[in-house]
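The sequence and structure come first.

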Amino acid sequence: MRSEQDLVEGVKQQDPGIFEEFVRRYQQRVYFTSLRMMGKREDALDAAQDIFLKIWKYAPKLQDAVVLERWVYRVTINACIDRLRSRNVHESHLNKNNVLMFSLAEPGMNPRDYARRLEDLGNVREALDGLTERQRAIFVLRHFQNLKIKEIAEVMSMPLGTVKATLHQAFYKLKELLSDVVVEQPERKIDDTEQTG
Amino acid sequence: MRFKCDDLKERWPEYIYRELPEHEQSLFVHHLDECEDCRAEERQWRGMLSEFDSIVLFDDSMEAPTELLYRVKRQIRFYEEWSKKQKQSMRKWIIGAAAACALIIFGLWGAYQNQLDARLSAKENSTFQPIKASIIDSIYDPDIVIQYHEHEILQKPKKVDASVDEKEKEPTEENK
């Protein structure tokens, strides 16, 4: 397995073998980020394909000191935002039957519970649709891709304060959109490690 | 220093993701210990996020579609073929445009030479008609420029002849 630096070098030179390794290494991140941004598998697959093509095209211009992962996220988020904007904003792109047919059906779950679970999951995805592109991007990167707020600011080329404010807005909007769905979590004991962050 | 409920409102996302500075995290937790309302709000936040975690659980059980790599490779091949064709056609266009430019330039040059030759031969065969024009006029009228310069060039020897003629004429008048 090549080091990050070798990978950057190979991608910059458009070496097909190294690029294939790069795709294999990053496809999960690119695909699932796109899926959570776009909401639909077909759209996510199309977006991921375009993202890798864009990376291939612009790779020769890549700077040596670039952090590949952040650059990939930047291209991914920008491509998804562009696609979302070009799509009819009010069009609900959620195809519940398509997206959720594989959803979690636990053993022993009766059909009514399963249907309810399916509906809840649909509501959750719809709530994501209710966010603006930028709010969604920041929430997806923080919650699903587990990037730190500081890293998100670098990926999105935004000031740290703006990222925090946008994440805050996204939180309250999601809470509002999911008010009927959310079941309160039982109280958690916060241990010392959590307290110190 | 102690946190109030409003202080928490601004910091929920950072607290949930444990991104608060250490001392703020402690103040946050301390407030939670004392405030039932904020503890309830924390439960709501965690409940909301757990809904999203169910999506993560669902997604994590899968991998990116295997066709993605195939599609990317195919797309890159198409792109490379297309850009190669583009370069070739661009090269053809450039060569064609350069040839057309060269033809136009040579054509114009030939036409200019023909015209110049024709004018010179016409001047040589005709008597010169001097014109009264200033240099300023000649700037605005290309014909004047040509005639003026031709006059300067062609008529110099004639001017000399004319003055000679005048000098020759003068004594004859006096003689008369």
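Helices (H or I, at least four residues) and strands (E, at least two) are DSSP runs numbered from the N terminus. The model is predicted: local features need pLDDT of at least 70, side-chain atom pairs count only at pLDDT 80 or more, and totals for chains, interfaces and linings use all residues. Residues are numbered from 1 along each chain as its sequence is written, while chains are lettered from A and ligands numbered from 1 in the order in which they are written.

## Other positive phi values

Most residues other than glycine have a negative phi. A:Q14 is not a glycine, yet its phi is positive, at about 55°. A:Q14 is found in the loop between α1 (4-12) and α2 of chain A. It is partly exposed, with 14 other C-beta atoms within 10 Å. A residue is buried if 20 or more other C-beta atoms lie within 10 Å of its own, exposed if 12 or fewer, and partly exposed in between, with C-beta atoms placed from the backbone.

In chain B, B:R18 has a positive phi near 55° and is a residue other than glycine. The loop between α2 (12-16) and α3 (22-34) of chain B holds B:R18. With 13 C-beta neighbours inside 10 Å, B:R18 counts as partly exposed.

## The two chains overall

Chain A has 10 helices and zero strands. Of its 197 residues, 31% count as buried. Two residues are in contact if their C-beta atoms, placed from the backbone, lie within 7 Å. In chain A, 65% of the contacts with a separation of 6 or more join residues 24 or more positions apart.

Chain B has seven helices and zero strands. Here 9% of the 176 residues are buried. Of the chain B contacts between residues at least 6 apart in sequence, 45% join residues at least 24 apart.

## Helix α8 of chain A

Which residues of α8(A) are buried? They are A:I152, A:V155 and A:M156. Seen down the axis of α8(A), these buried residues fall within an arc of 85°, so they line one face of the helix. The arc is that of the directions from the helix axis to the C-beta atoms. The buried residues pack against α4, α7 and α9 (160-177) of chain A.

A:I149 also lies in helix α8 of chain A. This residue counts as partly exposed, with 17 C-beta neighbours inside 10 Å. Not counting residues up to four places away in sequence, A:I149 touches A:R142, A:L160, A:V163, A:K164, A:L167 and, in chain B, B:E19. The C-alpha atoms of A:I149 and A:F139 are separated by 9.9 Å, and the two residues are 10 residues apart along the chain.

α4(A) has 19 residues and reaches 27 Å from its first C-alpha to its last, close to the 27 Å expected at 1.5 Å a residue. The expected span is 1.5 Å times one less than the number of residues. Its buried residues are A:V72, A:Y73, A:T76, A:I77, A:A79, A:C80 and A:L84. They cover an arc of only 165° around the axis, which puts them on the same side of α4(A). On the other side, A:R85 and A:S86 are exposed. The buried residues of α4(A) pack against α2 (16-38), α3 (41-58), α7 (133-144) and α8 of chain A.

The axes of α4 (residues 68-86) and α8 (residues 149-156) of chain A come within 8 Å and cross at roughly 65°. Axes are lines fitted to C-alpha atoms, for helices over the stretch in contact, and angles run from 0 to 180 degrees between N-to-C directions. On the α4(A) side the contact is made by A:R70, A:Y73, A:R74 and A:I77, and on the α8(A) side by A:E151, A:E154, A:V155 and A:M156.

## Helix α5 of chain B

At 1.5 Å a residue, the 59 residues of α5 (residues 67-125) of chain B should span 87 Å, and the end C-alpha atoms are 86 Å apart, which agrees. Three of the 59 residues are buried, so α5(B) lies largely in the open. The buried residues are B:L68, B:V72 and B:I76. What covers them includes α2 and α3 of chain A.
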